[in-house]
Amino acid sequence: MIQLDNLDVKILTHLQSNSRESFQEIAKRCLTSVPTVKSRVDRMIELGVINKFTIDIDNSKLGITEAILLVNAKPGAVSRITDELRGLEEVKELYVTSDSDTAIVSRVAGDMQRILTIQDRINLTDVNNIRVLSVKNAFRKDSTIPLASTGITLTCAYCDRKVAGEAVRKKIDEKDYYFCCTTCQGEFEKKYNKLLAKA
Ligand SMILES: [Zn+2]
């Protein structure tokens with residue numbers, strides 16, 4: 001597993017909220033230099049942590065319908081069906097669950113008429129059941145990285161100790177800081193505000 005540190009996480013957070021943010025801007029916000037940001041980003045691309053820089057399009061503005069496709073199939077047919085589904089333009093995300101019913105769950109988007117023809121476009125041998133549920137409301141959580149991941153080594157901005165478990169993230173003056181606990185966060189803010197008052 002690849003290990004990330006505070007700076008990697010900060011850079012990723014910036015790029016996740018805006019993949020067009022310049023290295024200059026990110027360097028300024030992370031209190032580091034442009035070459036450092038560039039080398040960190042290059043490393044994360046090389047390691048496959050960053051797969052691509054993408055954009056978020058609001059499908060509803062384009063009249064595109066989203067739906068969930070549920071397929072229940074015999075275990076032996078699952079990989080064939082997933083392969084077929086992956087080849088379809090409307091299929092945006094595909095999950096094979098570990099459920100004993102071996103369900104394939106897929107997020108599909110496109111013209112509803114086209115979505116409904118998916119079942120005519122795949123081989124239904126060994127498919128027990130296939131359903132298309134149109135999405136009424138989508139509550140998409142942001143995809144920011146979970147800070148409690150084992151591959152992330154965060155150090156507390158106040159006590160400098162390695163953060164075990166859930167890190168406390170706090171935005172202070174537009175910059176992200178990580179703490180091991182809310183006590184450290186409080187102490188840091190006190191110190192920070194004192195410094196501000198002196199300045
Ligand atoms: Zn601490």
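Which residues in H1 meet which residues in H3? In this predicted model, Leu 7, Asp 8 and Ile 11 are the ones on the H1 side, and they meet Val 37, Arg 40, Val 41 and Met 44 on the H3 side. Sorted by class, the contact of H1 with H3 comes out as five nonpolar residues, two charged ones and no polar ones.

Two packed helices are described by the angle between their axes and by the distance between those axes. H1 covers residues 6-17 and H3 covers residues 34-46. Their axes come within 10 Å of each other and cross at roughly 85°. Angles from 65 to 115 degrees count as roughly perpendicular, so H1 is roughly perpendicular to H3.

H3 itself has 13 residues. From its first C-alpha to its last, H3 reaches 18 Å, which is close to the 18 Å expected at 1.5 Å a residue. Just after H3 comes Gly 48, and this glycine takes a positive phi of about 80°.

Another helix, H2, spans residues 23-29, and Arg 29 has its place there. With its neighbours within four places in sequence left aside, Arg 29 is in contact with His 14, Glu 174 and Lys 175. Take His 14: it sits 15 residues from Arg 29 in sequence, while the two are 9.1 Å apart in space, C-alpha to C-alpha.

Now for the strands. Strand S2 (residues 65-73) pairs with S5 in the antiparallel sense, over seven bridges. Along this pairing, Ala 67 stands opposite Ser 134 in S5, and Val 71 stands opposite Ile 130 in S5. S2 is also joined to strand S4 (residues 103-110), this time by eight bridges, and these two strands run antiparallel as well. Here Ile 68 has Arg 107 in S4 as its bridge partner.

How many of the eight residues in S5 are buried? The count is zero, and S5, which runs over residues 127-134, is hardly covered. As a reminder for looking at any such strand, side chains in a regular strand alternate between the two faces of the sheet.

Methods: Residues are numbered from 1 along each chain as its sequence is written. This is a predicted model: local features need pLDDT of at least 70, side-chain atom pairs count only at pLDDT 80 or more; totals for chains, interfaces and linings use all residues. A residue is buried if 20 or more other C-beta atoms lie within 10 Å of its own, exposed if 12 or fewer, and partly exposed in between; C-beta atoms are placed from the backbone. Helices (H or I, at least four residues) and strands (E, at least two) are DSSP runs, numbered from the N terminus. Two strands pair if DSSP finds at least two bridges between them. Axes are lines fitted to C-alpha atoms, for helices over the stretch in contact, and angles run from 0 to 180 degrees between N-to-C directions. Angles under 35 degrees count as roughly parallel, over 145 as roughly antiparallel, 65 to 115 as roughly perpendicular and the rest as oblique. Two residues are in contact if their C-beta atoms, placed from the backbone, lie within 7 Å. Ala, Val, Leu, Ile, Met, Phe, Trp, Tyr, Cys and Pro count as nonpolar, Asp, Glu, Lys and Arg as charged, and the others, Gly among them, as polar. The expected span of a helix is 1.5 Å times one less than its number of residues.
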